[in-house]
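Reader: Could you walk me through this model, starting with the charged pairs and then moving on to the sheet and the core?

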Amino acid sequence: MGAFREGARADNPGGGLASSVSDLLRWARFQLGHGDGVLPTPVLHRMREQTIGLRASSLGDGLGICWFLHDLDGMLGMGHGGSGNGQFAELLIVPERDFAVVCLANAGPDGYPFNQSVMRWALEHYLGVVEQEAEPVPYDEERARQVVGRYEIDAMCLDVAIDGSRLTLAVDIKPEIREASDEEMPPGYPAAAIGFLAGAGDGDEYIITEGGLKGQRGYFSRDDNGTVIGADLAGRLFNRAVQAP
């Protein structure tokens, strides 16, 4: 059963439940504790242990159980964010400092960068952790042309294009899904500049440098012949559907 009436803004959130800042902070306090008789302490703390590493991801350096894990100047950060229909949420916990911060926004497309800026401010002013922003390398026409094209998942499409002397990325819900919906769907993200990162993996990692997804990192994947066949964005692998001539 949805938490909101049918057709209301952001109806049917994940799991059919809605929560508040207070709820999220209570959850953070539980995670900073010893299980409160609900979970044995070792089991609770096992959620913080990395199960797999993440490549070129703004979500974190690795994944625990339900947590994205971050290296914050040698301290463990564990968090999880989410978005849906113009709603954006971020929760970050730093167990070593008994610290947690929550930030919510209800306006797109700038809700995501707003939340990220609040998180950076809180880490710097309360924990002394200053995030170093990744700087892309200068534009390379030949390299850019290798990745230009349309990429798709079941419900969304991602377009990478050359705009003058820069590479851009746009992402939107597929037109046929918009047309089939009885309710208004959130807008997509218009073309925004992206740049490749130096010394990152095989050189196919990138960062978005403007717009509502500013700061998001991802990578392009290749087949055994070196042809680009996919693009990762926010942990989702978009398969290449159309290659630009």
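This is a predicted model: local features need pLDDT of at least 70, side-chain atom pairs count only at pLDDT 80 or more; totals for chains, interfaces and linings use all residues.

Reader: OK, which residue does Asp204 form a salt bridge with?

Author: The partner of Asp204 is Arg222, and the closest N and O atoms of the two are 2.6 Å apart. The pair links distant parts of the chain, since Asp204 lies in the loop between strand 10 and strand 11 and Arg222 in strand 12, 18 residues apart. Helices (H or I, at least four residues) and strands (E, at least two) are DSSP runs numbered from the N terminus.

Reader: And is Asp204 buried or exposed?

Author: Asp204 has a relative accessible area of 3%, so it counts as buried, where buried means under 20% relative accessible area, exposed over 50% and partly exposed in between (1.4 Å probe, protein chains only). Arg222, at 31% relative accessibility, counts as partly exposed.

Reader: How many salt bridges turn up in the whole structure?

Author: The search of the whole structure finds 9 salt bridges. One of them joins Arg166 to Glu210, with the closest N and O atoms 2.8 Å apart. This pair also links distant parts of the chain, with Arg166 in strand 9 and Glu210 in the loop between strand 11 and strand 12 (217-222), 44 residues apart. Arg166 is partly exposed because its relative accessible area is 29%, and Glu210 is likewise partly exposed at 29%. Asp163, Arg166 and Glu210 are linked in a network of salt bridges.

Reader: What about Arg178, which residue does it form a salt bridge with?

Author: Arg178 forms a salt bridge with Asp172, the closest N and O atoms being 2.6 Å apart. Arg178 has a relative accessible area of 27% and is therefore partly exposed, and Asp172 counts as partly exposed at 28%.

Reader: Switching to the sheet, what is the strand order?

Author: The open sheet of 6 strands has the order 1-2-3-4-5-6, with antiparallel pairing, and two strands are said to pair if DSSP finds at least two bridges between them. The edge strands are strand 1 (52-53) and strand 6 (99-105), each of which pairs on one side only. Helix 3 (residues 111-127) packs on this sheet, touching strand 3, strand 5 and strand 6 (contact meaning heavy atoms within 4.5 Å). The direction of helix 3 makes about 155° with that of strand 6, where axes are lines fitted to C-alpha atoms, for helices over the stretch in contact, and angles run from 0 to 180 degrees between N-to-C directions.

Reader: How many bridges join strand 3 to strand 4?

Author: Strand 3 (residues 68-72) and strand 4 (residues 75-84) run antiparallel and are joined by 5 bridges. Leu69 stands opposite Met78 in strand 4, and Asp71 stands opposite Leu76. The hairpin of strand 3 and strand 4 has 2 residues between the strands, and there Asp73 takes a positive phi near 50°.

Reader: And strand 4 with strand 5, how many bridges there?

Author: Strand 4 and strand 5 (residues 87-94) pair in the antiparallel sense over 7 bridges, and Gly84 has Gln87 in strand 5 as a bridge partner. That hairpin has 2 residues between its strands, and Asn85 takes a positive phi near 50° in it.

Reader: Now the core: which residues have the most contacts inside the largest nonpolar one?

Author: Tyr151, Phe220 and Leu233 have the most contacts inside the largest nonpolar core, which has 21 residues. Such a core is a set of buried Ala, Val, Leu, Ile, Met, Phe, Trp, Tyr and Cys residues joined through side-chain atoms within 4.5 Å. Leaving aside neighbours within four places in sequence, Phe220 is in contact with residues including Tyr151, Val160, Ile194 and Asp204.

Methods. Residues are numbered from 1 along each chain as its sequence is written. Side-chain values use heavy atoms; hydrogens and water are left out. A salt bridge is a side-chain nitrogen of Lys or Arg within 4 Å of a carboxyl oxygen of Asp or Glu.
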